[in-house]
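Reader: Could you walk me through this model and tell me what stands behind each label you use?
Author: Gladly, let's look at it together.
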Amino acid sequence: MTSYHIYGRPFAGSLIVEFMMREAGLSYTISFPDDAERATAEFRAKNPTGKIPVLVCPDGGQLYESLAIVQYLGRHCPHLVPEAGSEAEKIYLSVLTMLGATMYPAYHRQHHTYQYGPEHAYPEIQAMARSVNDSLYDYIESLLNPYICGAQLTAADLYLYMISRWNVDKTQLRARRPKLAHLIDTIRAHPTIEATLASQPRHK
Ligand SMILES: N[C@@H](CCC(=O)N[C@@H](CS)C(=O)NCC(=O)O)C(=O)O
C-alpha cells in the first residue's frame with residue numbers, strides 16, 4: 001500500500017479523519033464497508049468493534065478509534081494542536097476526549113438505538129442521550145472564545161463540528177447558543193471541510 005486508506009461511512013465518524021488528512025495535505029483513498037463487511041473476520045482484525053473509522057497507514061500499520069486517530073494525525077497537523085505544556089493543551093485534551101468518549105456515544109445511542117435495548121425503550125434511551133449532549137453543549141457554549149482553546153482553531157473544533165452534524169434538531173441545538181452556531185458556520189465554510197463534505201457519497 002502506498003497511501004493511507006480510510007474505512008469510513010459517509011458523513012459519519014470518518015469525517016474527522018478526512019478533515020485532518022486534508023489539513024495535513026496527505027493523500028488517501030476511502031471505502032465504505034457495509035454491515036456485512038464490517039462483520040467479517042478480516043474487518044474485525046482491523047477493528048475488533050467492527051466500527052468505522054479505521055485508518056490504514058502506508059506502512060501497513062493501522063489505527064482504530066477516532067480519538068486515537070486524531071492523536072496520531074496531530075503530528076501531521078501541528079497547526080491544529082495546542083503547544084505541549086500550555087493551558088490550552090489541557091483544555092484541548094479534556095474537551096476532545098469528552099467529545100469522543102461521551103458525546104459521540106450519546107449520538108450513537110440516538111441513531112443506533114436498536115443496539116441499546118428493546119424497541120419499547122427507544123424513546124427513553126434517545127431522550128436520555130439527548131439530554132446528556134444538551135447539557136454538554138451548554139458547557140461548550142460557555143467555553144467557546146471563539147474556539148474551544150481560544151484563538152487557535154484545533155482538531156477539537158473540527159471534531160465538535162463533526163458530531164454537531166448528527167444532532168437530530170439543529171435549530172434547537174443553535175438556539176440560545178450563538179457562539180456554537182457561529183463556530184459551526186465558520187468551520188462549515190473552511191475549504192478543507194467544504195471539500196470533504198462535497199466528496200461524500202450520497203448513498204449508503
Ligand atoms: N468509539 C468509536 C465509535 C465509532 C462508531 O460508533 N462508529 C459508528 C459510525 S459513526 C459505526 O461504525 N456504527 C456502526 C454500528 O454501530 O453498527 C470511535 O470513536 O471511533
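Reader: Which element gives the largest share of the shell around the ligand?
Author: H5, with three residues. Helices here are DSSP runs (H or I, at least four residues), numbered from the N terminus. Do bear in mind that this is a predicted model, where local features need pLDDT of at least 70, side-chain atom pairs count only at pLDDT 80 or more, and totals for chains, interfaces and linings use all residues. Residues are numbered from 1 along each chain as its sequence is written.

Reader: What makes a residue part of that shell, and which come nearest?
Author: Its C-beta atom, placed from the backbone, must lie within 6 Å of the molecule. Of the 13 residues around the ligand, Ala 12, Gly 13, Lys 51, Ile 52 and Ser 66 come nearest. Two or more residues come from each of helix H4 (66-74) and helix H5 (87-111).

Reader: Why is Tyr 116 called partly exposed?
Author: Tyr 116 has 16 C-beta neighbours inside 10 Å. Buried needs 20 or more other C-beta atoms within 10 Å, exposed 12 or fewer, and partly exposed is in between, so Tyr 116 counts as partly exposed. Tyr 116 sits in the loop between H5 and helix H6 (122-143).

Reader: What does Tyr 116 contact, leaving aside its neighbours within four places in sequence?
Author: Arg 109 and Ile 125; contact means that the C-beta atoms, placed from the backbone, lie within 7 Å.

Reader: How far apart are Tyr 116 and Ile 6 in space?
Author: They are 27 Å apart, C-alpha to C-alpha, and 110 residues apart in sequence.

Notes. Contact = placed C-beta atoms within 7 Å.
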